[in-house]
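The sequence and the model come first.

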Amino acid sequence: MDYVLSVLTLLAIYAVLASSLNIVLGHGGLLSLCHAAFYAIGAYTAALTALHLGWSYLPAAAAAIAVAAIFAGVLAIPLLKLRGDYFILGSLGFQIIIIDAIYNSDAITNGPLGISRIPRPEILGFEFRSHVGYFVLYACLAAIAVAVLHFLAASPFGRTLAAVREDEMAATVLGKNIRSVRIRAFAISAGGAGLAGAMYANYVTFIDPTSFGFGESVYILSLVVVGGVATTRGPLLGATLLVIAPELLRFIGFSSSMDANLRQLLYGLLLIIFAMTRPSGIAGKNVF
Amino acid sequence: MSQTVFLQSAVNALALGATYGLLGLSFGLIYSTTQILHFAHGATYICAAYFLYAAYALADWPLQPAVLIVLAGAGAVGFAMMRWFYEPMVRRNTSGAVIMIASLGLFIAIENLTVLIFGNDSRVISKASVQEGIALRGVYITPLQIISVATAVSVFVLIYLVVTRSKLGRALRAIADDSGVAVTVGIDVPQLRYLVFVIGSMTLGVAAVLNSLDVGVSPGMGLSVVLIAAVAAIIGGASGIFGGVAGGFLIGAIQSMGVMWIDPRWQNLMIFSVLIIVLVVKPTGLFGSVR
């Protein structure tokens, strides 16, 4: 039972990651490869504010959202000057720069050794320790985050973002400031990744740079691509499928030493199959 | 800083840049003519490196036939990728973003398949990198460094002659310039795409041999190789075919000569900062021409 709850807790974190990437990737039509970097910024912000400043869980998570969003807003200024393939490469560049900076800033982030003994979540004196407690808390946080992202996508802001994706020229003619819309979308999306980072840091209680590398960015991308872009259901479906399916592999007798590689082989193959046969994903819109 | 240290770094930069120049050229050839962001190039590298490992280290063949196997194998892998992987998508007018996602998927699948077959450890296949070098006034040059530069320069010259002097080269340049117009003047674009993938992948195979003799083989190297190849091609100028060579030497210089001023652990950060600055300030690349 504890095992099932821990998988579901992880699923809640990935649901937030996939849904937040969907704002930029699906609704914005921008293929970003640096989502895991904002995830890392959120995780480190939550861990450091809790350990060094003694902040409790909710303020630390709020700080994680804010810091990730601010970083994204600033980086979006040069990044959004780029188009097409160059945008993809630029976002890949930022992914590597941010993780490298975290890796090498020993004084703040403890570098490759990572940060351990991150306090567990505590809200109004109640400390979440049990698997049930974590699951309930994270399911609530994920539900709130997904709901907020859903309403943002349906709001005038979300519709403007989609209009810019469909036809930049037409949106400009209608008086929309396409840069500002996209910068805000980037910041909101990174804020979601920041929240997921805070959730991860306080759940695993240990973080190091290797959890947030380029491979993780591609993994989050694959959740959205497989599930479907530009809908609320799509990323949730993708996260459910790709977080739970590899767990099933254990039951048919694959050793755990090959676990990580089998998991990656699986999502690599899924990316190929969906890109070649159904680029809109299981439940997505035809965006690309 | 002494003059010897400077000269030694310059020699190292040149040797490293030769291999990186091959990487940049191989990526640039493919990207400029097909517009495919070919991340699976990293998978071709892994295949080439393990062909060398199988033939040279496991089967204990002499180096020359092993190299021939690597080149033929890399070319075949490149051809297969274009024929059965990209071509179906290109024919259906799949967008560049989706093709890139598929390419990432192929890279991840092959990388992890290699780990499942050969394991994750790095394997040394030659002692060439620690062979005693020639000393010239305190500057050491290893035989492998000389071979790297000589091989790379021969490949550059060969491809340069093909591209600038032959009819085939003229067609390639026409596609790199504007593939739509190339079709209308009767150039067989799909046929040339195969050829470019074969040549690009074989060029990558040469780099794989040189690099594997130097640092060994491991599945994890595919990613760093394709990143260096892509960055070299883009900062050098992706609109032309040879920007990648210049970009490769530039990255080699940053890595080898940067250590004189900056802690080597900031290398990656510097290389990718250069990428972003070039993309924003001069998207045509440092040595690319404006169309």
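In this predicted model, the side chains of B:R265 and A:D106 form a salt bridge, with 3.3 Å from N to O. The count of salt bridges between chain B and chain A is 1.

The table sets out the contact between the two chains.

| Feature of the interface | Value |
|---|---|
| Residues of chain B in contact with chain A | 41 residues |
| Residues of chain A in contact with chain B | 38 residues |
| Area buried between chain B and chain A | about 3500 Å² |
| Part of that area on carbon and sulfur atoms | 79% |

On the chain B side, B:I101, B:L116 and B:I276 lose the most area to chain A, and together they make up 16% of what that side buries.

Within chain A, helix α6 covers residues 131-154 and has 24 residues. From its first C-alpha to its last, helix α6 of chain A reaches 34 Å, close to the 34 Å expected at 1.5 Å a residue. The buried residues of α6(A) include A:Y134, A:L137, A:L141 and A:V146. Among the elements of chain A that cover the buried residues of α6(A) are α1, α3 (57-79), α9 (178-204) and α11.

The surface of the model also has a nonpolar patch, formed by A:M1, A:Y3, A:V4, A:L248 and A:F251, with about 560 Å² of accessible area together. Helices α1 (2-27) and α11 (233-251) of chain A each give two or more residues to this patch. Is A:F251 buried or exposed? A:F251 lies in helix α11 of chain A, and A:F251 counts as exposed because its relative accessibility is 61%, where exposed means over 50%.

Key. Residues numbered from 1 in each chain as written. Chains lettered and ligands numbered in written order. Predicted model: local features only at pLDDT ≥ 70, side-chain atom pairs only at ≥ 80, totals over all residues. Heavy atoms only, no water. Patch = residues over 30% accessible without salt bridge, like charges linked within 9 Å, V, L, I, M, F, W, Y side chains within 5 Å. Areas by Shrake-Rupley, 256 points an atom, 1.4 Å probe, with all protein chains shown as cover. Salt bridge = Lys/Arg side-chain N within 4 Å of Asp/Glu carboxyl O. Helix = DSSP H or I, 4+ residues; strand = E, 2+ residues; numbered from the N terminus. Buried < 20%, exposed > 50% of the residue type's maximum accessible area, 1.4 Å probe, protein only. Expected span 1.5 Å × (residues − 1). Contact = heavy atoms within 4.5 Å. Buried area = accessible area lost by both parts, 1.4 Å probe.
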